[in-house]
Amino acid sequence: MRALWRAKWRFAARNASGTANRGFGVHRSSQPFSKVNALLTFGMRKLIALVALLATASPALADEAVELASAGMARGGEGQELEPYLQCAPYARQVTGIELFGEASTWWEQAQGRYATGHKPRVGAVMTFRPYRNMQSGHVAAVSKVIDSRRVLLDHANWSPVNGRRGQVEKDVLAVDVSPTNDWSQVQVWYAPLGKVGSTAWPVDGFIYTDRAVQKQAPLAQGPRTPVQTVPAREEPSTRFLSAFAKFQ
């Protein structure tokens, strides 16, 4: 049994370098392996080896590890400095017209009192993801179509690495509500490297709608009303009133 595990580990470690070169945009070309290896952080090398090992035991666990690893690397991972690329928040703002700024993780709180929010998907709404594991900046995506009570299509940026490049736009990709009560508090999202919906249940705050929040006005403070006393009209004009007009007669 130990010999079998040692063989699996050697296989995983041997394939880790190839996975790193193929999956994360580091090309072999003329670079020696030592230089490529130097570009990878120690934590990343361990993670790649773990993914390769998990693939031999449980494809589902391997899928989740790939999703979580890519989420971290797309947003900086272990303090890496990344070149500029398209982020999810500016793209969501552009396609929906919702004027919120800052990290995606702050959008839900910013929207309160400014935009209508809720837990049912609508076309044009922004789905806001909470920070989760490696994805500490959160994520926002625009709903492009509502298929049914459990499935929607999303337009978003910087989710899947496409052709080894992060910051890519994906349109009309599937997201599935996997929350127990169908409140869209947990979703699984299409992930391009897997070619299917990922197995990670991402926590979601809710949906920000494009219509502005209704501002409730406080009623005006009113003091106690003074009753108006009415004086009954005279049936006949007074003598003083008649004498005032006597000279005009």
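Four aromatic pairs are found in the structure, where rings of Phe, Tyr and Trp (its six-membered ring) pair if their centres lie within 6.5 Å, with planes under 30 degrees apart counted as stacked, over 60 as edge-to-face and the rest as tilted. The model is a predicted one, in which local features need pLDDT of at least 70 and side-chain atom pairs count only at pLDDT 80 or more, while totals for chains, interfaces and linings use all residues. Residues are numbered from 1 along each chain as its sequence is written, and side-chain values use heavy atoms, with hydrogens and water left out.

One of these pairs joins W159 and W202 in an edge-to-face arrangement, at 5.2 Å centre to centre and with 70° between the planes. W159 lies in the loop between strand 4 (151-157) and strand 5 (169-177), and W202 belongs to strand 8 (residues 202-212), so this pair ties together parts that are 43 residues apart in sequence. Helices (H or I, at least four residues) and strands (E, at least two) are DSSP runs, numbered from the N terminus. Both W159 and W202 are buried; buried means under 20% relative accessible area, exposed over 50%, and partly exposed in between (1.4 Å probe, protein chains only). The pair formed by W184 and F207 is edge-to-face because the ring centres are 5.9 Å apart and the planes stand at 75°. Here W184 lies in the loop between strand 5 and strand 6 (186-191) and F207 in strand 8, so the pair ties together parts that are 23 residues apart in sequence. W184 is buried, at 2% relative accessible area, and F207 is buried at 0%.

F129, Y132, W159 and W202 form one aromatic cluster. The charged end of R122 sits over the ring of Y209, 3.7 Å from its centre; for this, NZ of Lys or CZ of Arg must be within 6 Å of the ring centre and within 35 degrees of the ring normal.

Neighbours within four places in sequence aside, M127 is in contact (heavy atoms within 4.5 Å) with residues including H139, L154, W184, V187 and F207.

Just after helix 5, G97 adopts a positive phi of about 80°.

N163, at about 55°, is found in the loop between strand 4 and strand 5 and is exposed, with a relative accessible area of 77%. D172 likewise has a positive phi of about 55°, but lies in strand 5 and is partly exposed, with a relative accessible area of 46%.
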